[in-house]
Amino acid sequence: MATARIGDPARWRALFGLLRQAGRARLGAFAALILLVGLLPTAVILVTGRLAAAIPAAVASGPAARQPVMVALAALIGCLVALALASNTLGQLGRVLSDAFALALHQAVARVTLGTPDVAPLEDPAVADELQAVQDAERRNVFRNAMDALSGVATTRLRGAGAFVVLLGFRWWAPLVLGLAWHLTNRVYLHATANGVTVQMTDGAVRLRRAEYLRTLAVGAPAAKEVRVFGLGGWLVPRYGDAWLDALELLWTSRKANRAITAAAALALAVSHGLVLGALGVAASRGEVGVAALLVFAQAAIATADLGLLGDPQWHLAQALALAGRVAGLRARVPVPEKPETRSTPAEARSGKVAVRLDGVRFTYRGRERPTLDGLSLEIPAGQSLAIVGENGAGKSTLIKLLCGLYEPDAGRIAVDGGLSPRQARGRIAAIFQDFVRYPLPLRENVGFGRLALMDDDAALEGALRDAGGGALLTRLEHGWDTVLSREFEGGTELSGGQWQRVALARALAAVRGGAGLLVLDEPTAALDVRAETELFERFLELTRDVTTILVSHRLSSVRHADRIVVIDGGRVAEDGTHESLMRAGGLYARMYSLQAERFASEGMADESVADEEAEAHA
Ligand code: ATP
């Protein structure tokens, strides 16, 4: 469990590790300015003492004794001007460093989220919580205040230390008594701060995440349709309120717990100040301390408050440190390879069809007891078109994700393109998934992401879009390739489900044009009707003769023209053959196919070709 102690050296190391990026010169200047702004106030106290000491002689002896007054006055003005200038520069540099800190944090988090070759670590709930906490901190502007907070805390403590040293000149015990009282008060505040930050960044973050999710359901576009259709509005709003209060409850409880100890600290302050200021008064009345010294010591006694609580800067610094520690924790939890895995088979270096071989592959999802794939073996010769079918939850998508290197098998081996692991062969594999991304970016990027090198090659992108059946789309879009595919942006447009699928397919075809030799379509066509999906798959098989293709679909009629069909059941390949041979075998495939054909026929949805084929199969 994370704590939010300001004195935690590991967090300071993490903070300075992130700040290193800002450059030594800037950090050096920042430290020098902190020293100046922190120590000049003590100089001001001492110089005012000098001034007060010189004034009586000047008044008594006339112009001849004025020089010490003028010197002290000049020193005082010099100190005050230097303090104002240094404070101003420190503030500006603090903002520059805060931006550098924010950038370093973003980069560190991006390195973690983008640096892992597979997606399994990101599915770890603990990692999701850490990432959410970083996002929350961002929303609360923790980055922006970080360096102001750091300089605020450091300069205040230096002022307090200066006052402590000055007060030693009165009585050795005086600064100790005041320092102890302030220290106690500070501990109380730190304790409360630590609790607050810890609650906010741990249990509170988890509860806030739940509340935030409910809020996005209520206000976000993705769930807007279902929320209205199912009338979820009345359910969501109170649930969001409850979840939000639930998160705040933790913070309020932690604050209440600190009340008694806060009262004790206030009492300690009152007693210590009474002691020291009382002793100073007695000493002055006995003539042991002159007016000038009285002025200096009284100022110093008051300035020891800077050894105590600091309010907002301390709170912000605690959060910045907790955040830096959190990022360090994230890095430790999600180890990112020192060197990003380089593609040993860049598309430029290899081309053509890809062969795939899976030997005894076993894979179990995190948190699951039973493996999803267990002893799955499959050999796909280069250039073959293979359909993977199976019942819901059989593991078809899991197999595809393993093939794409998004997960590592627990046992067994996957060899792609002449013995490479899927990760090494990235760039040679293109895939479009069921939940493909609808980037709210221009059409060019939506297609060009398939192969970044082709991003500016209009002819290649146009070819990919045309092959995907989206040729007409380009002519209809107002700004052509530069049209943003989201209404949330000026001049943007919204596509239909079917149009999005064509854009996603074009992305995969752009990858093929750029050198991918294995093309996987994991049900990206689910929103199309049977006839459109069948036509598209057939067109697709035609267009991708030069690559190996894997199609996943629930509609068996759509994939029956693939060279080969495998049925996944019980975590392994249960049936393997052509449509005709599998129908003849009368196994699981034949049963699923007949069931679907009957359903289409009874619902009057039958595509004639499907019905014909079905009749042929039964003949
Ligand atoms: P469908 O036809 O419904 O798309 P599928 O054959 O593609 O199903 P998979 O998506 O591979 O099946 O899922 C296989 C099993 O693994 C299911 O029981 C599913 O709940 C589980 N599963 C899938 N993804 C995850 C995940 N990220 N974490 C844990 N379990 C998962």
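This is a predicted model: local features need pLDDT of at least 70, side-chain atom pairs count only at pLDDT 80 or more; totals for chains, interfaces and linings use all residues.
Good morning. Between domain 1 and domain 2 of this chain, about 640 Å² of area is buried, and carbon and sulfur atoms account for 48% of that figure. On the side of domain 1, the residues that lose the most area to domain 2 are Pro117, Asp118 and Val119, which together make up 58% of what that side buries.

Let me set out the two parts. The domain assignment places domain 1 at residues 9-333 and domain 2 at residues 351-618. Their C-alpha centres are separated by 55 Å. In terms of contacts, eight residues of domain 1 meet eight residues of domain 2.

What holds for charged pairs across this interface? The rule finds one salt bridge between domain 1 and domain 2. As for the composition of the domain 1 side that touches domain 2, five of its residues are nonpolar, three are charged and none is polar. The count of residue pairs in polar contact between the two domains is one, with both residues at pLDDT 80 or more. On the salt bridge between the side chains of Asp124 and Arg366, the distance from N to O is 3.6 Å.

Arg451 sits in the loop that joins α14 (443-448) to α15 (458-467). Is this arginine buried or exposed? Its relative accessibility is 11%, and because the limit for buried is under 20%, Arg451 counts as buried. Which backbone oxygens lie by the polar atoms of its side chain? One belongs to Gly427, at 2.6 Å from a polar atom of the Arg451 side chain. Another is that of Ala511, for which the corresponding distance is 3.5 Å.

The second residue is Ser272, which is part of helix α10, residues 259-285. Ser272 has a relative accessible area of 4% and is therefore buried. Where does its side chain reach? The side chain of Ser272 comes to 3.0 Å from the backbone oxygen of Leu269. If we set aside the neighbours within four places in sequence, the contacts of Ser272 are Val177, Leu178 and Ala181.

To close, I return to the interface. Domain 1 and domain 2 bury about 640 Å² between them, with one salt bridge found across that interface. Thank you.

Methods:
Residues are numbered from 1 along each chain as its sequence is written. Side-chain values use heavy atoms; hydrogens and water are left out. Domain bounds come from an automatic or database domain assignment. Contact means heavy atoms within 4.5 Å. Buried area is the accessible area (1.4 Å probe) that two parts lose on being put together, summed over both. A salt bridge is a side-chain nitrogen of Lys or Arg within 4 Å of a carboxyl oxygen of Asp or Glu. A polar contact is a pair of N or O atoms within 3.5 Å; within protein, one must be able to donate a hydrogen and the other to accept it, and residues adjacent in sequence count only if both atoms are side-chain atoms. Ala, Val, Leu, Ile, Met, Phe, Trp, Tyr, Cys and Pro count as nonpolar, Asp, Glu, Lys and Arg as charged, and the others, Gly among them, as polar. Helices (H or I, at least four residues) and strands (E, at least two) are DSSP runs, numbered from the N terminus. Buried means under 20% relative accessible area, exposed over 50%, partly exposed in between (1.4 Å probe, protein chains only).
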